[in-house]
Amino acid sequence: MDYVNAPGRNHLFVPGPVNIPESVLRAMNRNNEDYRSPAIPAMTKALLEDVKKIFKTTSGTPFMIPTTGTGAWESALTNTLSPGDRIVSFLIGQFSLLWIDQQQRLKFNVDVVESDWGCGADLEVLESKLAADSSHTIKAICIVHNETATGVTNDLSKVRKLLDDYRHPALLLVDGVSSICALDFRMDEWGVDVALTGSQKALSLPTGMGIVCASPKALEATKTAKSVRVFFDWSDYLKFYKMGTYWPYTPSIQLLYGLRAALDLLFEEGLDNVIERHNRLGNACC
């Protein structure tokens with residue numbers, strides 16, 4: 001990344017938000033534009049296609065929502081589930097705790113599986129719950145891929161294998177806020193139904209864009225989900241996708257240009273190379 005080591009420049013040393021590359025800052029240094037003009041829909045269309053690459057999906061549908069990771073969580077839950085639905089959620093750190101709090105406040109029936117902080121999700125407990133759920137009362141599995149508070153990464157391929165072994169139809173909803181573009185993530189291969197991230201983490205953008213990617217199964221679930229949703233309703237976005245204008249609400253023009261520059265940097269270095277660089281840095285800090 002092209003950071004500038006200039007005197008007086010503030011460098012962040014926190015899990016996120018992170019330092020913003022100079023070329024991304026330059027790309028965002030622009031006035032507002034009419035998002036209904038031909039230029040913005042054309043850029044948005046290309047961004048939506050390129051965003052699919054960071055999730056490693058060809059079948060998923062992405063949504064770039066002016067929000068934070070917390071809003072992306074709410075989008076994932078309310079578009080696919082109904083109040084009272086039973087969901088299994090893993091408590092392994094501060095951010096999984098906050099997500100569980102949101103799930104409970106949205107009136108879902110949250111089956112919490114708790115582990116000591118610093119440990120991963122207890123998949124043996126998940127297996128026992130899936131084995132006992134012959135009537136398929138569990139509607140979703142909610143799991144944080146990488147718990148930012150502790151740095152623990154969960155094995156999503158094992159979660160998918162358990163669901164497949166028990167032929168369980170529960171949706172797999174994944175918080176990838178601190179993992180997308182920093183850790184190996186394979187939405188299609190691991191059968192993830194909804195994955196989400198935030199602009200301020202490995203994409204190295206300012207806070208303000210929640211990026212959600214939904215599988216065809218998740219999109220189908222929206223047809224029966226009864227949770228109240230307005231601003232986060234995917235159907236509004238899909239309607240505007242068909243119209244070719246893409247934005248039901250006003251986007252951040254500056255963040256769109258920043259995302260374009262950030263993705264260009266990622267693809268220039270190579271996503272796998274970026275992930276390997278993050279792995280080397282993480283191992284060096286252990």
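**Ground rules.** I am working with a predicted model, where local features need pLDDT of at least 70, side-chain atom pairs count only at pLDDT 80 or more, and totals for chains, interfaces and linings use all residues. Numbering runs from 1 along each chain as its sequence is written, and side-chain values use heavy atoms, with hydrogens and water left out.

**Largest cavity.** A cavity is a set of points on a 1 Å grid over the protein atoms alone where a 1.4 Å probe fits but cannot get out; lining residues have an atom within 4 Å of a point. The volume, the space filled by probe spheres set on the points, is about 50 Å³. Among the lining residues I noted Met64, Trp247 and Leu255.

**Second largest cavity.** I read a volume of about 30 Å³. Met64 and Trp247 are in this lining too, including with Thr44 and Tyr241. The classes are six nonpolar, one polar and no charged.

**Helix α6.** I checked residues 156-165; Leu156, Val159, Arg160, Leu162 and Leu163 are buried (under 20% relative accessible area, 1.4 Å probe, protein chains only). Helices are DSSP runs of H or I, at least four residues, numbered from the N terminus. Seen down the axis, the buried residues fall within an arc of 160° (directions from the axis to the C-beta atoms), so they line one face of α6. Just after α6, Arg167 has a positive phi of about 50°.

How values were computed:
Buried means under 20% relative accessible area, exposed over 50%, partly exposed in between (1.4 Å probe, protein chains only). Helices (H or I, at least four residues) and strands (E, at least two) are DSSP runs, numbered from the N terminus. On a 1 Å grid over the protein atoms alone, a cavity is a set of points where a 1.4 Å probe fits but cannot get out, and a pocket is an open set with protein on both sides within 12 Å along at least five of seven lines; lining residues have an atom within 4 Å of a point. Ala, Val, Leu, Ile, Met, Phe, Trp, Tyr, Cys and Pro count as nonpolar, Asp, Glu, Lys and Arg as charged, and the others, Gly among them, as polar.
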